[in-house]
Amino acid sequence: MKFRLATGMSILGLMLSCATALGGTLEGPLQIMVSKDLQELKIYDGGVIVATSRVSTGKAGHSTPTGIFSILEKKRTHFSNLYDSAPMPFMQRLTWSGIALHASNSVPSYPASHGCVRLPNDFAKTLFSVTRRGGHVLITDGETAPQRIVHAALFKPVIVVPDTPLLSEAGLRPALIEAGDKSVEVAMTDPKPEIVTPIVQKTEQDPIRILVTRRGEREMLVDLQRLLTSLGYDAGIPDGLHGKQTVTAIRAFQLAEGLTEDGIISPALVAAVYAKAGKGTPPNGQILVRQKFKPLIEEPITIRNPEIALGTHFLLARAVDADKGKADWYGVSMDNQLPQGTLKRLGITTEADASAPDAITRTLDRLDIPEDMRNRISGMMGEGASLSISDTGLGPETGDGTDFITVTRKVQKADASIVQGGKKKKKKKKASSVTVVN
């Protein structure tokens with residue numbers, strides 16, 4: 001295990017001081033990143049490496065998944081439910097399906113586990129003392145590092161200035177003034193505090209987790225049900241299920257509009273319902289917010305140029321200053337090879353390139369988030385807020401009692417060719433960006 005200096009203090013000293021002051025938790029989020037190629041874990045404070053450790057990830061047949069995870073559960077003493085009650089001290093669960101960080105006496109710097117990420121005992125114990133539930137852990141094949149991202153689309157805390165009327169806008173009311181025999185009306189305002197300072201919306205709660213993704217069939221159907229009901233065709237509870245009542249509502253709409261009465265949901269039907277309701281073009285994106293593993297917000301947004309993949313990105317907010325309405329965002333782009341069936345279903349013709357230096361910026365450029373929704377989310381901003389961006393929506397690992405988990409897929413050999421003009425062409429092999437740290 002190696003420790004490096006950051007801002008004049010070693011991470012060991014930082015961990016000890018935080019453990020004393022915060023009772024074993026760390027309010028200022030550190031970013032934990034695991035590289036399977038290097039068999040190494042790195043901890044970042046913003047864009048600075050503050051600690052590294054060797055790890056052992058899953059061996060052949062028991063591969064450790066890659067993607068965006070968060071700490072769901074912590075146990076000092078834990079035994080495996082899958083592998084003969086094997087000890088897993090200082091366990092920090094990443095998925096409910098069985099993946100975790102934990103201490104081990106065997107960490108040989110090569111894949112050796114049954115899927116978990118093994119850590120040396122001393123490091124695992126110290127790391128356990130400063131993390132908290134909800135802290136993010138990114139697992140990648142090749143090494144990647146967070147970079148400072150500045151973009152207008154990124155959220156920042158809201159500052160609300162009190163609504164103080166100008167003197168010229170104040171209402172007139174009578175006041176007697178010695179001016180001959182006539183009374184004169186003058187402009188007066190109610191007493192106001194002498195010091196007018198911004199009212200800052202601060203939060204001491206757990207940080208919010210934001211996900212931007214494409215709309216799935218369920219979200220589309222929920223909106224369709226709501227719109228049909230608003231038009232007088234009762235589609236029942238908007239539950240995203242294509243049940244009997246929804247089919248009846250669709251048939252009634254189709255009959256009234258002179259469409260083929262088949263009850264089938266198609267892009268043409270959805271467009272017709274949106275047009276009839278005066279809602280314009282159906283949204284193709286979705287923004288979701290969770291806090292303490294519980295859903296808070298789920299609203300539609302628009303993704304421009306939907307034929308281009310969004311890619312898979314993760315951003316973490318540091319130095320959130322509610323007094324100044326500022327936040328520093330640090331982001332990484334992750335390789336994620338989408339299956340051909342998924343690309344076809346989503347209408348993606350141009351895949352993402354995680355190695356592009358402006359990959360995150362180009363994706364943020366394409367997001368149209370309604371201003372009222374932006375203000376609502378910005379009002380909830382606090383230290384450690386995160387933003388995940390993915391094409392594939394809520395995966396099977398995201399559920400009750402989790403943050404937004406995105407499992408990525410490594411480029412497979414079978415995917416090493418693409419079809420262009422009816423002919424297969426092999427993709428050019430990218431130069432390695434992995435730098436080994438001795």
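Which residues does Arg118 touch, not counting residues up to four places away in sequence? In this predicted model, Arg118 touches Arg54, Val55, Ser56, His102, Ser104, Ser106, Val107, Ala112 and Ser113 when residues up to four places away in sequence are left out.

**Arg118 and its strand**

Arg118 is found in strand β11, which covers residues 117-120. Because its relative accessibility is 16%, and buried means under 20%, Arg118 counts as buried. The side chain of Arg118 also reaches the backbone oxygen of Ser106, at 3.1 Å, and Ser106 is one of the residues that Arg118 touches. Within β11, Val117 and Leu119 point one way, whereas Arg118 and Pro120 point the other way, and all of them are buried. Strand β10, made of residues 100-104, pairs with β11 in the parallel sense over four bridges, and Leu101 stands opposite Val117 of β11.

**Nonpolar cores**

The largest nonpolar core has 27 residues, and those with the most contacts inside it are Ile287, Trp329, Leu364, Ile377 and Leu387. Several elements each supply at least two residues of this core, including the strands β18 (208-214) and β24 (386-389) and the helices α7 (359-364) and α8 (371-378). Apart from it lies another core, of 25 residues, and Val34, Leu72, Val117 and Ile405 are among its members.

Trp329, in the core of 27 residues, touches a number of residues beyond four places away in sequence, among them Gln147, Arg148, Phe155, Leu316, Met381 and Leu387.

**The chain as a whole**

The secondary structure of the protein chain comes to eight helices and 27 strands. Among its contacts between residues at least 6 apart in sequence, 66% join residues at least 24 apart. Further values for the chain are listed here.

| Property of the protein chain | Value |
|---|---|
| Buried residues | 43% of the 438 residues |
| Accessible surface | about 23600 Å² |
| Part of that surface belonging to carbon and sulfur atoms | 54% |
| Average pLDDT | 81 |
| Residues with a pLDDT of at least 70 | 76% |

The pLDDT is below 50 over residues 166-180, a stretch that has 20 contacts in the model beyond near neighbours in sequence. Over residues 414-438 the pLDDT likewise stays under 50, and here the model has 34 contacts beyond four places in sequence.

Key. Residues are numbered from 1 along each chain as its sequence is written. This is a predicted model: local features need pLDDT of at least 70, side-chain atom pairs count only at pLDDT 80 or more; totals for chains, interfaces and linings use all residues. Side-chain values use heavy atoms; hydrogens and water are left out. A nonpolar core is a set of buried Ala, Val, Leu, Ile, Met, Phe, Trp, Tyr and Cys residues joined through side-chain atoms within 4.5 Å. Buried means under 20% relative accessible area, exposed over 50%, partly exposed in between (1.4 Å probe, protein chains only). Contact means heavy atoms within 4.5 Å. A polar contact is a pair of N or O atoms within 3.5 Å; within protein, one must be able to donate a hydrogen and the other to accept it, and residues adjacent in sequence count only if both atoms are side-chain atoms. Accessible areas come from the Shrake-Rupley method with a 1.4 Å probe; for residues, only the protein chains shown count as cover. Two strands pair if DSSP finds at least two bridges between them. pLDDT is the predictor's confidence in each residue, from 0 to 100.
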